[in-house]
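Dear colleague,

I am handing over the structure below, and after it I describe what was found in it. Please keep it open beside this message as you read.

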Amino acid sequence: MWEYTDKVKELYTNPKNVGEISDADVVVEVGSIVCGDALTLYLKLDGDIIVDAKFKTFGCGSAIASSSALTEMIKGKTIEEASMITNKDIVDFLGGLPDQKMHCSVMGQEALEKAIKKIKGETIEDEHEDEGAVICQCFGVTENVIRRVIRENNLTTVEDVTNYTKAGGACGSCIPKIEDILKEELASVVAQPAATTMKPMSNIKRMQLVEETIHNVIRPVLMRDGGDIDLVDIEGKKVYVALRGHCAHCVVSDVTMKNLVEDTLKEFVENDIEVIEVK
Amino acid sequence: MHNTIIYLDNNATTMVAPEVLEAMLPFFTRRYGNPSSMHDFGGDVEHDVEKARNQVARMLGAEYDYEIVFTSGATESDNMAILGTLQYYRDKKHIITTKVEHPAVLNLCRQLEREGYSVTYVPVDREGNLDVDFLFDSVSDDTAIVSVMYANNETGVLFPVETIGAFCKQRGITFHIDAVQAIGKIPVDVNALQCDLLAISGHKFHAPKGIGVLYVRRGTRLRPLLYGGHQEKARRPGTHNVPGIVGIGTAADLVMKHLSNSEEVANVKRLRDRLENGLLSQLSNAHLNGNKNKRVDNTTNVGFEFIEGEAILLYLNEKGIAASSGSACSSGSLEPSHVLRAMGVPFTSAHGSIRFSLSRYTTEDEIQYTLQVMPEVVNRLLAISPYWDARNKKGKSMTQLAH
């Protein structure tokens, strides 16, 4: 039995925005019945504002909940604002998804991305051409999708990639290719901080890097355990943060601070960063 | 969650029968002795273990009580049967089994392939019937064991194990039957089946979890999996799970009682058929998976096109009904069940397949309620499905959807 959050349960039991929009400005389909999940997204626009969003989904509970969450999140937003939404935001909105169900949130993001491309008039006649070579033939997952999802979610294993994109989840013949892509992506992540520590850093650059690292690396780890982190202030090389959610009451929050937050910032920003917790 | 659960997932596990629980209880409290001990406090318990062995032997039609070996469950029994045989016939490197076996056999065979064995997986047809000729043609001098299930856990379809048993006997090949889903539902007689080995699991027929049996015909060549004490004639060492053994013995008695009560047997089938016919006639996107005639009486596997199985189960769960699905999502894998795929059930409905499995405790009211709830659940999901044309009340054409 899956450990679904109350939000996920609420949204698959009573999904919001189910249906079609007869005079929709954009209709896009992603997934397929063969793959086991599919989403059709309908958007109604007023200028560049999404005034209505509806969906129809073939899929499991978390696919229905992810679709419903997506429509809730984009209603009332401008296209520009909507285009910033990632699969992680959908997961956050749902209060988390089981690892093996992450691909449901990715399907939501894919539909949104496709819709926005269509609005902007970009050609998506052959989406696979557009997104690079198909790596996983079973589920039709392209190289670009795999690379993007690895980067945005800091994935490190083939299992992660399968959970998020389904790639490699059927016959498994593409697993060596996924391993190669992972190696390349991980190498580029490691290369970045090394390059930045070489030269003296400006305050602005440091603040920017601290923010990015917290957002992209530290927060996702904490969220997995139901926690979160706020950046309170940066003073020179002193970084003031506050732990939120589960982390705030966690008995090992000191360990979290030291091992996760400070070490990660040292690795990605500068090796003499000091982290101070604000309660 | 509902207070009362309507339990239609008896192929997954069953309720411990009240009589079984009653029989087991003293062995947790007053009578906790070890049957191997040299004192009456323990030694007396051995009589109860032997009584249970006799009860199971009678249920299976075994000639000798010592042909019954108590194990921890069917996974162990299946592993012991196959590995124990291979250990004995070390020069034989070929195994024959089917594409639709339980993972206890299938994943063991996959591992053996990695270790250098060759395995033939016999296919099934669209209705789940085994291609017996294919099996016969696959046999060679190198074949150490043939391992075939009696009834399939997902569809309930029965395999012609008697025919295979006669063939194997004539060819002198060890024949193992995984009878987990047959026991308690149809009479299982090891002499009619002519098998050398046969695995059953207690919790599938109202005994507790953690107790199983491997039937080992007298004279069958088998090496033990485990080494330790002298228990079970050293074929399966380890202190006896006395409460479990007493439980499976009592459950075996209840099986014999149930199967000799033709009215009770007919009732399970009647309720299953009522559920199945009700679903198939009320819901236009529903169709049966598996051979309608050659199957156990408690199981029905219905595919619902255009909707997904896990979502159906979650909605049923809200209504207090427990069933199971061959969909990818519900199992945590990404592909629908290997059984439905081996049968060639199209993915369009394999993802929406639901298995209802009844027991002798299932009631008319429970089936009635399920028949009320299911159309509501299915229609709710059809309303969400992009593949359902609500206006014309039919599925959208697949060519239109393929891309």
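**A salt bridge between the chains**

The side chains of A:Lys101 and B:Glu310 meet in a salt bridge, with 2.5 Å from N to O. Please bear in mind throughout that this is a predicted model. The count between chain B and chain A is one salt bridge, and the count of residue pairs in polar contact between these two chains is 11, taking pairs with both residues at pLDDT 80 or more.

Which elements of chain B give two or more residues to the side that touches chain A? They are α10 (309-318), α11 (328-331), α13 (347-350) and α14 (364-384) of chain B, and the largest share of that side, six residues, comes from α10(B).

In terms of contacts, 29 residues of chain B are in contact with 34 residues of chain A. The area buried between chain B and chain A is about 2500 Å², and carbon and sulfur atoms give 63% of that area. Within chain B, the residues that lose the most area to chain A are B:Leu334, B:Ile384 and B:Tyr387, which together account for 26% of what that side buries.

**Salt bridges in the whole structure**

A search of the whole structure finds 30 salt bridges over all chains. Among them is the one that A:Arg206 forms with A:Glu270, where the closest N and O atoms are 2.5 Å apart. This pair links distant parts of the chain, since A:Arg206 belongs to helix α10 (residues 203-224) of chain A, while A:Glu270 lies in the loop between α12 (253-268) and β8 (274-277) of chain A, 64 residues apart.

**A three-stranded sheet in chain A**

Turning to the strands of chain A, three of them form an open sheet in the order β1-β2-β3, with antiparallel pairing. Why is one side of β1 and of β3 (49-58) of chain A left without a neighbour in the sheet? Both strands stand at the edges, each with a single partner strand, so one side of each has no neighbour there. From one strand to the next, the twist averages 15°.

Strand β1 (residues 26-32) of chain A and strand β2 (residues 37-46) of chain A are joined in the antiparallel sense over seven bridges, and within this pairing A:Ser32 stands opposite A:Asp37 in β2(A). The hairpin of β1(A) and β2(A) has four residues between the strands, and in it A:Gly36 takes a positive phi near 105°. On the other pairing, nine bridges join β2(A) to β3(A), which run antiparallel, and A:Leu41 stands opposite A:Phe55 in β3(A). Helix α2 (residues 61-74) of chain A packs on this sheet, where it touches β2 and β3 of chain A, and its direction makes about 175° with that of β3(A).

**Further strands of chain A**

Strand β6 (residues 227-235) of chain A is joined by eight bridges to strand β7 (residues 238-245) of chain A, and the two run antiparallel. In this pairing, the bridge partner of A:Ile229 is A:Leu243 in β7(A). β6(A) and β7(A) form a hairpin with two residues between them, and in its turn A:Gly236 has a positive phi of about 60°. β7(A) is also joined to β8(A), here by four bridges and with the strands running parallel, and the bridge partner of A:Val239 in β8(A) is A:Val275.

**A four-stranded sheet in chain B**

Chain B holds an open sheet of four strands in the order β9-β10-β13-β12, with antiparallel pairing. At its edges stand β9 (286-288) and β12 (324-325) of chain B, each with a single partner strand, so one side of each is left without a neighbour in the sheet. Three bridges join β9(B) to strand β10 (residues 299-304) of chain B, and these two run antiparallel; in β10(B), B:Phe304 is the bridge partner of B:Ala286. Helix α9 (residues 262-282) of chain B lies across β9, β10 and β13 (353-357) of chain B, and runs at about 10° to β10(B).

With best regards

Key: Residues are numbered from 1 along each chain as its sequence is written. Chains are lettered from A and ligands numbered from 1 in the order in which they are written. This is a predicted model: local features need pLDDT of at least 70, side-chain atom pairs count only at pLDDT 80 or more; totals for chains, interfaces and linings use all residues. Side-chain values use heavy atoms; hydrogens and water are left out. Two strands pair if DSSP finds at least two bridges between them. Contact means heavy atoms within 4.5 Å. Axes are lines fitted to C-alpha atoms, for helices over the stretch in contact, and angles run from 0 to 180 degrees between N-to-C directions. Buried area is the accessible area (1.4 Å probe) that two parts lose on being put together, summed over both. A salt bridge is a side-chain nitrogen of Lys or Arg within 4 Å of a carboxyl oxygen of Asp or Glu. A polar contact is a pair of N or O atoms within 3.5 Å; within protein, one must be able to donate a hydrogen and the other to accept it, and residues adjacent in sequence count only if both atoms are side-chain atoms.
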